[in-house]
Amino acid sequence: MSKLFDYRTCPTTGLRVDRAAEKLIKANAVAAVVFLAIGGFFGLTVALTRWPAVHFLPADWFYLALTAHGFDVLLVWIIFFEMAVLYFASAILLNSRLAGPKWAWAGFALMLSGALITNVVVLQGQSSVMFTSYVPMMAEPPFYLGIILFAVGALIGCGVFFGTLVIAKREKTYEGSIPLVTFGALTAAIIAVFTIASGAIILIPTFLWSIGLVGHIDPLVYKTIWWAMGHSSQQINVAAHVAVWYAIAAMVFGAKPLSEKVSRMAFLMYILFLQLASAHHMLVEPGISSEWKIFNTSYAMYLAVLGSMVHGMTVPGSIEAAQRARGLTKGMFEWLRKAPWGNPAFAGMFMSLVFFGFIGGISGVVMGTEQINLIMHNTLYVPGHFHGTVVAGTTLAFMAITYILVPLIFRRELVMKKVARWQPYVFGIGVAGISIFMMGAGTLGVARRHWDMTFADAVLPFDYPSAAYLMMGLNGIFAIMAALGGVMYVVVVVGSVFFGKKLAEDEKPEYPEVPPESAAVSHYGSAETLKIPGTAFLVGIFFVAFVLYYFVNWKYLSEIWPLS
Amino acid sequence: MPDNNNTGEEQSPDPDREQIPLMQRVLDNPFLLLVLGIAMPTVLYIIWGIIEITQIPIAD
Amino acid sequence: MAITPPSERIWWRQPIAKIELIWIVVAFLWGLTMFFMMIYWHGAGEQNLSNEAYKIKPQRFAEHAQKMIDEYQVGEEAGFPVVHPPPGSDVYLIARLWQWWPILELEKDQSYRLHMSSMDWQHGFSLQPININVQVHPGYDMVVTVKPDKAGEFGVVCNEFCGIGHHTMVGKIYVVE
């Protein structure tokens, strides 16, 4: 058996928990939540400024807040949390020790210092260049340096993950193939390596340019490679939150994947093709051929979308199968009606699944259509879409699994269970509103990253339709709701971590409640007998919505000026 | 790539046990997947994209 | 479970349920449909970018624009020249901090080769209320053949962040019968 390492045995799962891994998971998760709080606060100020009746911040502060918001939540919160997920999915799920904990701490220190440096320099006010920092607009040198340090730290974290896979295999801490959730985490780690390498390729020269050592950075080349980082970093999220969906389905329902083969092939589609969608940002750029645009924007004929659509069926399908095996077989939807909607881990996960598919997923594919992008590029439709994917999808899923991880890893009972119970609904519905109303404003032409939609200071006047003002007001209201949900999350998590009742070494957490293990559940998975009519119905609705929305947007496109 | 020759040792000592299918072995090999996952977007997105940009003609 | 290794040693040979198989086929065919829809629109649709573009020095682009303004200026509005270039000609629109220069006056149902480039940072050409959006780079001349099919007054908003005056960057295009 393996070398000795310091571990405890988890009373719930029977797994050995490497204490070094456990500490790292805690540190990364705490850092993640802190930056979520900071970035979320900036996000609220942005939404309140874009609410025309409130118009909260002055212009310079608005652009500063928007830069900080993008960096803190789109990169820092999510990558810190993903580091926690990677360590959990490797060391803990594989029953192994973590490779090189010292390296992992070094990575953590780099990420933390990088995040702090960039935040400080943004707050100083001379680097309001947006998260994308398109050249030739220049930020202060530490802005780029902080992101580079953060990326190097994250790369070390990925190395620790791969090292742990090697150790676990060599020391035979598990039998056969790695668990599906670990495979999903592997997918995220692979995409992360490409993401970080792309970031280094473009940001290191840009940093040198900002201190005067490089003369010129081509804006089109910058944009192409920057998005290999900027968009792929959000694809890390997709892979990670799909892994989290599977994990929650397993931990709450004991659900077994319908088919290991199908789910793993769907992840393989991500590994091979998901990153090509960086081209979504390049569809209306000068001089790049339509061959490149069509091939890349479609993830090579939508093979990565195929992967997502497969997960979209197999995750709820495995829950339905598990519930039916428990006897909830009445009608099409008893399994769903009698699901534990009061358990924030399940509620958050299921809303994440639905919102990611219906709001973020469909809008992303439609907007990523070469020609349709003409009527959406850089409008508020874009942030509307990615709040559907990254916030309603990823952030909500990560929040959901926190409710399981706090008792398991921090060994504390959750405090304020009532608040926890409502949190996913408040946050989820708030974010869904933000996404939908920003997309609505975007279809009416409202620009993203824009301080004043009334153009009061412009020499030449222009007015958006009044419906756009209504959309932005509603966006503000739902942003307040989402912010409230965010505060509830931070309060419950921080409160539990510091003040929750300590669990004894061998004590199983009582909440969120997990159904008793059932032999029936682990044996339903035969292909001939599988019955998931409810899930089939739901994906049918999804498909119809997808097709209709797709062609409606072609119709809109056909009504604009002819262009060639 | 330390992992490629591991498939040999995975074969069980029991001769009756079937060999693991190729595709399952591919999916069980994280470093092969890592190479594929980096090579595909590097070639199809970045390199092809940069070639496109360098071929944009210069105006008079 | 998804958090434990697969229960079968060889999971690759496990049969796939019919319902999963049907969904995979449907999703794959839908993907192909969407892929070929983009190609189809290049032949049958009227809204496509030609991707014609040139590398150009900002000063050179400004010279082209100035030549057009000198030849075809028909008026002035709030300090902006209003230019009425002949149908079919090359038309230049300068993006700079924080103006779209000049104001163009185009004729309905006529084609123009519209050139766009930036003098400084990146800008976003956003024609409203029609909602046509393209990115404008410094150093690149992007050529789009446009054929306005409605008369009226159109705003050109900048929708790429370009510094503190970004929200004041509004231009105009008139389309006349």
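Reader: Start with α12 and α17 of chain A. At what angle do their axes cross?
Author: This is a predicted model. In it, the axes of α12(A), residues 344-367, and α17(A), residues 533-558, cross at roughly 35° and come within 10 Å. The crossing is right-handed.

Reader: Which residues make the contact?
Author: From α12(A) they are A:Gly357, A:Phe358, A:Ile362 and A:Val366. The α17(A) side consists of A:Phe542, A:Ala545, A:Phe546, A:Tyr549, A:Tyr550 and A:Asn553. Sorted by class, that contact has 8 nonpolar and 2 polar residues, with no charged ones.

Reader: Now α7 and α13 of chain A. How do their axes sit?
Author: Helix α7(A) spans residues 232-253 and helix α13(A) spans 381-410; their axes come within 9 Å and cross at roughly 40°. The two helices are therefore oblique to each other.

Reader: Left-handed or right-handed?
Author: The crossing of α7(A) and α13(A) is left-handed.

Reader: And what residues meet there?
Author: On the α7(A) side, A:Gln234, A:Asn237, A:His241, A:Val244, A:Trp245, A:Ala247, A:Ile248 and A:Met251. They meet A:Phe386, A:Thr389, A:Val390, A:Gly393, A:Thr394, A:Ala397, A:Phe398, A:Ala400, A:Ile401 and A:Ile404 of α13(A). The contact of α7(A) with α13(A) counts 12 nonpolar and 6 polar residues, and no charged ones.

Reader: Switch to interfaces. How many residues of chain C are in contact with chain A?
Author: 74 residues of chain C, against 87 residues of chain A.

Reader: Which element of chain C gives the most?
Author: α1(C), with 15 residues on the side that touches chain A. Other elements that give two or more residues to that side include β8 (123-128), β9 (132-136) and β10 (140-146) of chain C. The chain C side divides into 40 nonpolar, 27 polar and 7 charged residues.

Reader: And how many residues are in the contact between C and B?
Author: Chain C contributes 10 residues and chain B contributes 9. β1(C) gives the most on the chain C side, with 3 residues. By class, that side has 6 nonpolar, no polar and 4 charged residues.

Reader: What about the confidence for chain B?
Author: The average pLDDT of chain B is 82, and 73% of its residues score at least 70. Helix α3(B), residues 30-54, is highest at 97, while helix α1(B), residues 6-10, is lowest with a mean of 46. Residues 1-12 of chain B have pLDDT below 50, and beyond near neighbours in sequence this stretch has 9 contacts in the model. Where pLDDT is low, the predicted coordinates should not be read in detail.

Reader: Noted. Back to chain C: what is the strand order of the sheet with 5 strands?
Author: The order is β1-β10-β7-β4-β5 of chain C, in an open sheet with mixed pairing. β1 (52-55) and β5 (99-101) each have a single partner strand, so one side of each is left without a neighbour in the sheet. Neighbouring strands are turned by 25° against each other on average, direction ignored.

Reader: Which helix packs on this sheet?
Author: α2(C), residues 58-72, touching β4, β7 and β10 of chain C. The direction of α2(C) makes about 125° with that of β4(C).

Reader: β4 and β7 of chain C: parallel or antiparallel?
Author: Parallel, over 6 bridges. C:Val91 has C:Leu114 in β7(C) as its bridge partner.

Reader: And the sheet with 7 strands, what order?
Author: β2-β3-β6-β12-β11-β8-β9 of chain C, again open and mixed in pairing. Its edge strands are β2 (73-77) and β9, each pairing on one side only. Within it, β11(C) and β12(C) pair in the antiparallel sense over 6 bridges, and C:Val157 stands opposite C:Val170 in β12(C).

Reader: Last item, cis peptides. Which residues does the bond with omega about -15° join?
Author: C:Leu97 and C:Trp98. C:Trp98 lies in the loop between β4 and β5 of chain C. The bond from C:Trp101 to C:Pro102 is also cis, with omega near -5°, and C:Pro102 is in the loop between β5 and β6 (103-107) of chain C.

Conventions: Residues are numbered from 1 along each chain as its sequence is written. Chains are lettered from A and ligands numbered from 1 in the order in which they are written. This is a predicted model: local features need pLDDT of at least 70, side-chain atom pairs count only at pLDDT 80 or more; totals for chains, interfaces and linings use all residues. Axes are lines fitted to C-alpha atoms, for helices over the stretch in contact, and angles run from 0 to 180 degrees between N-to-C directions. Helices (H or I, at least four residues) and strands (E, at least two) are DSSP runs, numbered from the N terminus. Angles under 35 degrees count as roughly parallel, over 145 as roughly antiparallel, 65 to 115 as roughly perpendicular and the rest as oblique. A crossing is left-handed if the near helix is turned anticlockwise from the far one by less than a right angle, and right-handed if clockwise. Two residues are in contact if their C-beta atoms, placed from the backbone, lie within 7 Å. Ala, Val, Leu, Ile, Met, Phe, Trp, Tyr, Cys and Pro count as nonpolar, Asp, Glu, Lys and Arg as charged, and the others, Gly among them, as polar. Two strands pair if DSSP finds at least two bridges between them. pLDDT is the predictor's confidence in each residue, from 0 to 100.
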